[in-house]
Amino acid sequence: MKKALAAALVFCALLSFTGTIPAAATDAARRSTSHSVSVKLLYDDTYYMGMAYPQDTATSEFSWAAQAFERKWNIIMNPTTATKVSIAVVNLCARPMSMYCDDSICGSPCDNSLNGTVHHKNGFRIIGKTQTDFSLSGNDLMVTLLGTPLCHVNSDGSHGAHLGCAQNDHVITSNLLSYGDILRIRIMQHEMSHLFGCDDGVCYPTDRCIMKGSFDEDENLNGYNIWCRNCRTDFNPSTYD
């Protein structure tokens, strides 16, 4: 999910989790036709430092993000216990964890290579590290939550910001406290949708869609029609069968 920094920081809607975490469907007939997906759920040191209750928050927000997949596509996501990990390249950044990399401090220019040597918070570099440093351990996919902003190089060569990356059964998302609960959950939904075949820039123009940020301020997390007609065509619920 790509979004200008200014837009990413204006969202202030907060969700009060007064109920229980949404439970998976228990109907036997429904489960017999469901798609079970095992998820390795991780959070890094910056997420740990940024959240008052990091493990509980990671578990709760992932469960809310997964609910639309179950209700719309009958995909039952089964996460592991949320576990803290250290991503060395992120921890090496001399800039505050709430700030983007800086050319004078973090190397110049920024490099989108998975094995890049500059800009510690480059999303492509970080997702490359999660793929090499952390095993799926038999799970279908991995979701790693970070508490720091992510940067990348735009197609025109300028330095830009984005909120997450998805590649090869791996997802990383930026989860600054200032984003608010709603946006953090929507970022997860967007990035996980990539793993099921959805793409950026192909949404039906007049439809609302998670793939173009239409729900970034929508507090109705019980809603499940969050994909446009084009993305519904691209979405493959059997990806991990």
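## A tour from helix 8 to the cores

Start by selecting glutamate 191: this residue is buried, with a relative accessible area of 1%. (Buried means under 20% relative accessible area, exposed over 50%, and partly exposed in between, using a 1.4 Å probe and protein chains only.) Before moving on, note that this is a predicted model, where local features need pLDDT of at least 70, side-chain atom pairs count only at pLDDT 80 or more, and totals for chains, interfaces and linings use all residues. Residues are numbered from 1 along each chain as its sequence is written, and side-chain values use heavy atoms, with hydrogens and water left out.

Now widen the selection. Glutamate 191 sits in helix 8. (Helices are DSSP runs of H or I with at least four residues, strands are runs of E with at least two, and both are numbered from the N terminus.) What do you find when you check the burial of helix 8? 14 of its 14 residues are buried, so helix 8 is largely enclosed by the rest of the structure.

Try the distance tool on residues 181-194. At 1.5 Å a residue, the 14 residues of helix 8 should span 20 Å, and its end C-alpha atoms are 21 Å apart, which agrees. (The expected span is 1.5 Å times one less than the number of residues.)

Next stop: strand 8, residues 170-174. Here 5 of its 5 residues are buried. Look at one side for His170, Ile172 and Ser174, and at the other for Val171 and Thr173. In a regular strand the side chains alternate between the two faces of the sheet.

Then find alanine 166, standing opposite valine 171. Strands 7 and 8 form a hairpin with 2 residues between them, and asparagine 168 in the turn has a positive phi of about 50°.

Finally, select Phe62, Met77, Val143, Met192, Phe196 and Trp227: they have the most contacts inside the largest nonpolar core, which has 40 residues. (A nonpolar core is a set of buried Ala, Val, Leu, Ile, Met, Phe, Trp, Tyr and Cys residues joined through side-chain atoms within 4.5 Å.) Helix 4 gives the most to this core, with 8 residues. Another core, of 13 residues, lies apart from it, and includes Leu42, Ile126, Leu146 and Cys165.

Technical notes: Two strands pair if DSSP finds at least two bridges between them.
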